[in-house]
Amino acid sequence: MCGINGFIELNTASKDYVALINSMNDLIIHRGPDDDGIYIHKNSDQVIGMGMRRLSIIDLHTGSQPIHSDDHNCTIVFNGEIYNFLELRHQLKDVGISFNTTSDTEVILKLYEYYGEDSFKLLDGMFAFSIHDKKKNKIFIARDFFGEKPLYYTKTAEGLIWSSELKSLVKILPEKPAISKTGLELFFRLTYIPAPFTIYQQINKLESNHYICFDLNNNTIEVRPISRPPRIPKNDISFKDAKLKTRELVYDSVISRSVSDVPIGTFLSGGVDSSIVSLCLSKYKSTPIDTFSIGFEKKSYDETDKSQTVAKLIGSHHHEFIINEKDLQEDVHRILLNFDEPFADSSSLPTFMVSKKTSDYVKVALTGDGGDELFGGYNKYYMGKLNKRYTQIIPEKIHSRLLSATAPLLNDKDDSRGIKYKMKRLLNSVDYSDAFYWDIISLGYTANTIHQYLKPSYLSEELFEQFKTHSGIQKPTTLTDYRIIDKHVSLEGDMLVKVDRTSMLNSLECRAPFLNKTLWEYTHSLPESFLMKGWNKKYILKEAFKDDFPKGFLDKSKSGFGVPVGDWLRKSLKNELLSYAEDSQLKTQNIFNTRAIQELVHDHVDSKADNTFKVWTFYCFQKWYYNTYLKL
């Protein structure tokens with residue numbers, strides 16, 4: 001696990017290229033404090049530089065990078081873990097290929113030498129890597145199936161720059177990049193920016209399950225899919241057999257993700273996914289595992305009783321940390337700015353805290369991430385079903401009147417996210433067009449509200465068109481549609497970004513057993529009723545493991561991993577928030593409709609309304625703008 005950097009430049013001037021790649025590496029030292037490495041190669045008219053920072057997890061003694069092929073014609077730097085590398089290593093040895101290390105990095109390189117670009121689809125893992133092939137005179141840069149590991153890139157007049165984090169890339173740009181209008185609107189709609197977009201013009205995220213082929217002969221770039229989405233026929237299988245297969249696949253995936261030469265534990269929130277992962281790991285390990293959970297002083301956010309139940313059940317060494325506003329106060333600035341672009345998922349704050357505490361004990365933690373996308377676990381999947389039924393029964397004009405009539409009744413002044421919040425969100429998400437699911441996943445500003453706050457020049461009528469094309473879903477209507485959209489948008493752009501940046505900021509590697517391509521394809525082969533039976537979410541997953549837990553435990557509701565940032569915006573963050581909403585600041589930016597955004601902020605601060613999500617999104621953008629963008 002580490003971070004990687006790279007550049008291609010025309011060799012038109014004498015530069016200290018070693019210092020250049022080292023400066024990129026230095027900015028991501030948190031991703032790999034154990035080791036570093038660089039590679040510089042000069043052609044007649046080009047310089048190729050690649051660098052990495054390493055967090056040593058597998059092959060502690062011979063896994064240093066870069067790694068070169070035996071003839072030194074190919075060189076790789078790699079970030080991530082390949083979970084099937086031992087299997088692939090055996091296959092290569094069977095055809096006569098020898099190895100110099102026991103690392104998964106060398107397996108990727110040898111696999112590439114044998115199979116070429118087709119080798120990328122054979123990898124089961126989380127990864128971002130770059131390979132320089134001198135014979136072909138090409139650079140290949142690849143990203144994993146789900147997008148667990150980040151990769152940013154920009155095509156320049158001189159060549160290409162790529163990096164695991166934006167900060168390293170932006171540092172060596174010759175000019176300050178402009179703000180992307182698409183990236184900005186995506187952020188205010190979704191509260192994050194999914195690939196291929198970033199907050200900057202001309203800088204992209206490499207999409208998951210894709211790779212770059214850069215031809216050094218003619219300075220051209222091509223982005224290609226690693227594998228095409230397969231046609232997955234529905235499996236003619238009984239629920240009983242499907243349940244047993246689900247259990248087997250989940251258990252096997254946990255085991256494959258537990259290979260490590262350093263101590264490993266689990267995040268245990270007490271929810272379905274983390275509880276099952278912890279259970280499986282405890283069954284595999286011969287000694288008690290370490291489990292870690294975060295609780296909150298504000299009782300409506302605290303669910304440590306559930307994690308305590310599971311920890312006692314599996315006999316783990318359980319570590320529980322209760323935090324309050326003061327614990328996070330000193331780290332809010334550091335956490336938010338480490339994303340390098342606006343990011344407003346407030347659960348990044350407790351994820352940082354649990355990562356920080358966990359890193360004191362282990363170097364690797366398994367998580368329950370991906371369980372909701374694979375098995376249909378989100379409340380928004382209910383809302384998709386409800387929207388279809390609701391709009392068939394209630395005329396649009398009556399719905400508009402209902403919204404107006406209920407608005408005062410559902411006006412909640414506290415950031416409690418209780419029944420009023422849920423009812424308001426449900427009613428506001430109802431959409432009579434084909435775009436309703438995009439409003440459901442718009443956690444910041446919806447299509448109906450965003451025009452009140454952003455200047456018209458930042459708004460687009462076809463904001464999500466590229467995602468519709470990429471996912472192949474123009475009009476989402478089924479649970480399968482929703483899950484595929486989430487894989488392309490919210491999983492890659494939000495969930496995995498949150499975990500990667502906050503864990504790596506603490507030099508902790510997180511692995512998600514549910515993010516397994518085989519498991520993903522298997523759940524897509526099952527009837528949707530196996531995943532959501534009526535209103536019972538993740539039905540087959542819970543049924544597969546229900547006998548391992550107390551009766552009814554897996555059916556208990558869970559509120560999620562949130563923090564009361566709405567309260568904090570009225571207290572410890574109030575003065576900073578108000579400074580971002582001053583007339584002079586807003587007019588200079590020329591991004592926001594001044595009066596509307598000020599009213600939104602002041603109504604929240606004065607407790608006239610709970611505008612937590614909209615105000616927190618505004619706050620996170622402004623924090624990035626004034627502390628990162630203006631300082632470039």
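Tyrosine 114 sits in helix α3, which spans residues 104-115; helices (H or I, at least four residues) and strands (E, at least two) are DSSP runs numbered from the N terminus. The model is predicted, so local features need pLDDT of at least 70 and side-chain atom pairs count only at pLDDT 80 or more, while totals for chains, interfaces and linings use all residues. Residues are numbered from 1 along each chain as its sequence is written, and side-chain values use heavy atoms, with hydrogens and water left out.

Tyrosine 114 counts as partly exposed because its relative accessibility is 44%; buried means under 20% relative accessible area, exposed over 50%, and partly exposed in between (1.4 Å probe, protein chains only). Together with Val95, Tyr115 and Leu122, Tyr114 forms a nonpolar patch on the surface, with about 370 Å² of accessible area. Such areas come from the Shrake-Rupley method with a 1.4 Å probe, and for residues only the protein chains shown count as cover. Patches are made of residues with over 30% relative accessible area and no salt bridge; like charges are joined within 9 Å, and nonpolar side chains (Val, Leu, Ile, Met, Phe, Trp, Tyr) within 5 Å.

## Nonpolar cores

The largest nonpolar core has 139 residues. A core is a set of buried Ala, Val, Leu, Ile, Met, Phe, Trp, Tyr and Cys residues joined through side-chain atoms within 4.5 Å. Phe545, Trp616, Phe618, Tyr619 and Phe621 have the most contacts inside this core. A second, separate core of 25 residues includes Ile82, Val107, Leu123 and Tyr211.

Apart from neighbours within four places in sequence, tyrosine 619 is in contact (heavy atoms within 4.5 Å) with Val332, Leu336, Leu569, Leu573, Glu576, Leu577 and Tyr580.

## Cysteine 2

An unreviewed UniProt entry places the feature "active site" at Cys2. UniProt positions are given in the numbering used here, feature names are shortened, and annotations may be inferred rather than shown by experiment. Cysteine 2 belongs to strand β1, residues 2-10, and is buried, with a relative accessible area of 1%.

## Salt bridges

The whole structure holds 27 salt bridges, each a side-chain nitrogen of Lys or Arg within 4 Å of a carboxyl oxygen of Asp or Glu. Lysine 149 pairs with aspartate 500, and their closest N and O atoms are 2.5 Å apart. This pair links distant parts of the chain, 351 residues apart: lysine 149 is in the loop between β7 (138-143) and β8 (152-155), and aspartate 500 is in helix α17 (residues 479-504). Both residues are buried. Lys149 and Asp500 also belong to a network of salt bridges with Arg31, Glu165, Lys167, Asp340 and Arg501.

Arginine 247 forms a salt bridge with aspartate 548, with 2.7 Å between the closest N and O atoms. Arginine 247 is in helix α6 (residues 239-256), and aspartate 548 is in the loop between α20 (539-545) and α21 (565-568), 301 residues apart. Arginine 247 is partly exposed at 26% relative accessible area, whereas aspartate 548 is buried at 18%.

## Backbone details

Most residues other than glycine have a negative phi, and most peptide bonds are trans. A cis peptide bond joins glutamine 65 and proline 66, with omega about 0°; proline 66 is in the loop between β3 (46-54) and β4 (67-68). The bond from alanine 195 to proline 196 is also cis, with omega near 10°.

Threonine 191 has a positive phi, near 80°, and is buried, with a relative accessible area of 3%.
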